[in-house]
Amino acid sequence: MLKLIISHEARQIARTSALWSILVLLVGAIIFAAWSGGRSIERQVVGAQAATEYEDGLRHHLREGTKKYAAKVEAEGGEYQFAMVRHAPGSGPPQGTNAGAVGAETSKFVTLPPTGLAALSVGQSDIQLNYLPVSLATTLDVTKWLELENPVSLAVGSFDIAFVVIFLLPIFILAMSYDLLSSEKERGTLAMILAHPISVRELMASKIISRAAVMLAVVLSFGVIALLTVGTGLDTADTWIRFSLWIVATLLYSAFWFALAVLVNVYGKNSASNGTVLAGIWLILVVIVPQMVSMLATTIYPAPSRMELTIAARQAQTEAEKNAMAKLDEYYYDHLEFVPEGDKKAMDFLTLAQANANSIEKAVRPLYDNFQDQLNKQEELVTRFQYLSPAIMMQLALNEVSGTSADRYEHFLHQVYAFHVEWRAYFSTKFLQRYPLKPEDYDAFPEFEYQEEAFAAVMNRLVPSLLGMLILFLGVVLVPFIALRNYQVAAR
Amino acid sequence: MITAIARKEFAEIVRDGRFKWTAAIMVLLLLTAMMAGYQKYSTAVRIQQAAQAGTNEQWLDQGDKNPHSAVHYGNYAFKPAGPLSYFDSGISNYTGTAVFLEGHRQNFSTGRPASDQSAIARFGDLSGANILQLLLPLLIIFLGFTAFSGERESGTLRQVMSMGVTNRQLLWGKALGVGFAVTIVVVPCILIGTGVLALAESTDHAEGMFMRVSALTIAYVMYAGIFLFLTLAVSAHTTHARTTLMILIGFWAFTGFLMPKAASEISKFTHPTPAFGKWMADMKAHQRRGIDGTPPFVKFAAYTKELFKEYGVNSVGELPMYFVAVRLQKLEEYDYPVFDQHFGYIRDTYTKQRKVQDTIGIVAPTLPLRSISMALSGTDMINHVKFMTDAETYRRNMVLKMNDYLSKASVHLNETFAADNYMVADEEVFAIIPPFEYEPPRLAPMFAAHSSNFAMLFFWLLLSIGMAMVTSNRISMERN
């Protein structure tokens, strides 16, 4: 019987022009979203490449200088020396021999590679710069850069597949199913159908199953097509594991909206009022609650002001400069082994600059950490309040699945900080020892390779969102399931 | 007759549960948004003023040093919040708030508030503007979609027509009734908002606060009118109330949620924003190469020759100005056209993108309204660009004045140029540079830039009224 009803429903759905227009719109939106998501990720990759190539080119140029110099020293004899003056004149040792100059004037770009699914959910990746210049400068200088994008576009957000799934899919689902029972009732066909050996529950289930099957078949098949066209790393297990999690999340989220439509149909009055109620619920869950939670988070844990941070960093710099000599002493006190022979205090510019950077770093670091602390607290609050809205859960889940979440970026930042320390140590040590960089030293510069987060860490953040959606779905679906036993066909 | 219809419509709406709920939610949200916005705004104003005063003091108190070193120490420009940013935060969460003004480099603004917010901030800001742009249309739809189709379903439309009411009277009566119901929800909130405005001390640094508020009101009233008449038009056209609702909600989601994002992606396609890394690498390479292909040091060598000829001297020592300072300033100036070209390219791209997005407003009236609202609240790109331009002008002046001073005051050092032989200036010299002050853009050019958006809204209003008149005219006894 159920089969019969489903096939009947499917035939009926197939003949409704409204349904076809909804499906066409949905498919169009998915294709557009995949295309624009793909462009967004591609741009990041292009930017990272260009920046890396440019800075590597600068270092290559310096290395060429040292090669020529080495050849000259070899031919003419003498000592391979260190360029004491930063802007080395033509005849002396080239600037490439000075580790301080190489470390300060060229940057090493470190890159956070996108996951295979990044194009499906751009998430925060459009406001986080995924390639950062590491040099002898302070942490602030490393992290202050922003990706270029029209702020208006950033404010409205990306038209990616996550948007289609979170915002549009519920509208389409509700448009298809807001009048499941009410329209039959209004047309007077409900009583007739129920005269057959079928319960309201079965009827409802078959209606929903046929609609869900059509809708999800479209979403999932175009999801796969999107992945195959704009996804990357298709030969890695990671991508496919992420994609199956994407499917799970999408199924749970859609299931919730179908269940909601059933719930409203059971308790609702006529089709028009069902429509009003569902549109209202959509607005509240997808737009208002997330905005409220966001407002709550930024009001309870406001980020410290960047302006105040700037002023504080400045104060530290001024003091450092005013006490240049004292700071230099302090600096050498930390590195007694580097005090140059002969003169007790090397007053050259780079040493001073480094001593300054060091003291600024020391002064600003606690302030800077404060930003991350507040951000983490905001994220925590959002994690706790996400259960108020399936849209928040879904957004967090998709950001995690696609590797465009704030947490993965923080994981990246910690590696950048560690690498920054390594980079600084390498170049400042060589510089303070007045060690002349040789061409072969250029191969031994520290290298950065992003270490992907442990999968368990991702799951730890993902599971609460998925479970939350599952529980919400079960809660919503259970009520009509029980209530439908006593459904009155006669108009109330 | 019109008033009788209006009164009936109004009474019916107000007695409906829909009205109470939506009105309550709307009022609550508007008030919350305005209050939160105002609180954020006043904090922002306080911090900005303190920071700008602080950086000016730090500039003067940076310690005695060479004027050019002072240029390296530099100064900061901090962006003040837009005069109505508590109503419409616009792009202010997504632009930097501070620009470092230093020698040799033109910098971007840094410190973007969105970077310090959690991921769900991307769902948007709960601001007064957002509520009026998204919730107000929905309120109108909810209150008005049954105006014709509901009566048609219940059979009363036929009765009303039989009483000799003209179609036009019916339309305007209903428009008046629904419009009045919407007004009594929204206007108290606006009045409270204006009260907040009176409290705000923002009026002192923005021109024409009255003009801004009036123009904003006109724009939002037009926007509300568009939805009112569209609702009536669709309601008169459709047979079932549920169809009316589906079409209207579909359009609402299309213009309020789908099109802003789609328009942004389309504008990024027609005028792609360069990736930061690519742009930066291109600009740095261009700087080295020189604007016209002649590297700066080659240009400077030629300039030196000219300079020697001009003063009839043969060595640096004989020049009547400090050669190091001349060199610094010249090299600085060789970069200006490069900066202008590359920074200008981004600015032009953003402007072109805005124009594309505004043009797409032909299918989505939310887009022109959004542009107007941001502009008049002082939180759009035009305002940001003005700030960045002011900051750059200030920077170039600062560099020029310091190098100039050095060039005059250190002439005697020409002959004894050495790394450890330089002049030291003090606070008095640094005081030549006045504190940075930002002048918000004038209203007139802003209106000019957005005149097409006002026209677009007006076009939409006429279109919706026309549609309502056509569809309501088709209503007849026979067909109902």
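Modeller: One term to start: a residue is buried if 20 or more other C-beta atoms lie within 10 Å of its own, exposed if 12 or fewer, and partly exposed in between, with C-beta atoms placed from the backbone. This is a predicted model, where local features need pLDDT of at least 70, side-chain atom pairs count only at pLDDT 80 or more, and totals for chains, interfaces and linings use all residues. Residues are numbered from 1 along each chain as its sequence is written, while chains are lettered from A and ligands numbered from 1 in the order in which they are written.

Colleague: Is Pro272(B) buried or exposed, then?
Modeller: Pro272(B) has 12 C-beta neighbours inside 10 Å, so it counts as exposed. Pro272(B) sits in the loop between helix 9 (241-270) and helix 10 (276-289) of chain B. Helices (H or I, at least four residues) and strands (E, at least two) are DSSP runs, numbered from the N terminus.

Colleague: Changing topic: how many residues of chain A are in contact with chain B?
Modeller: On the chain A side there are 74, and they are in contact with 70 residues of chain B. Contact here needs C-beta atoms, placed from the backbone, within 7 Å.

Colleague: Which helix of chain A gives the most to that side?
Modeller: Helix 11 of chain A, with 17 residues. That side of chain A divides into 41 nonpolar, 22 polar and eleven charged residues. Ala, Val, Leu, Ile, Met, Phe, Trp, Tyr, Cys and Pro count as nonpolar, Asp, Glu, Lys and Arg as charged, and the others, Gly among them, as polar.

Colleague: What about sheets in chain B?
Modeller: Chain B has an open sheet of three strands in the order 1-2-3, with antiparallel pairing. Two strands pair if DSSP finds at least two bridges between them. The edge strands are strand 1 (75-78) and strand 3 (109-110) of chain B, each pairing on one side only.

Colleague: How many bridges are there between strand 1 and strand 2 of chain B?
Modeller: Four, in the antiparallel sense, with strand 2 of chain B covering residues 98-101. In that strand, Ala98(B) is the bridge partner of Phe78(B).

Colleague: Last one: which residues cover the faces of strand 2 of chain A?
Modeller: In strand 2 (residues 131-134) of chain A, Tyr131(A) and Pro133(A) are on one side and Leu132(A) and Val134(A) on the other, all buried. Strand 2 of chain A runs antiparallel to strand 1 (residues 108-111) of chain A, joined by four bridges. Opposite Val134(A) stands Lys108(A).

Note on methods
Two residues are in contact if their C-beta atoms, placed from the backbone, lie within 7 Å.
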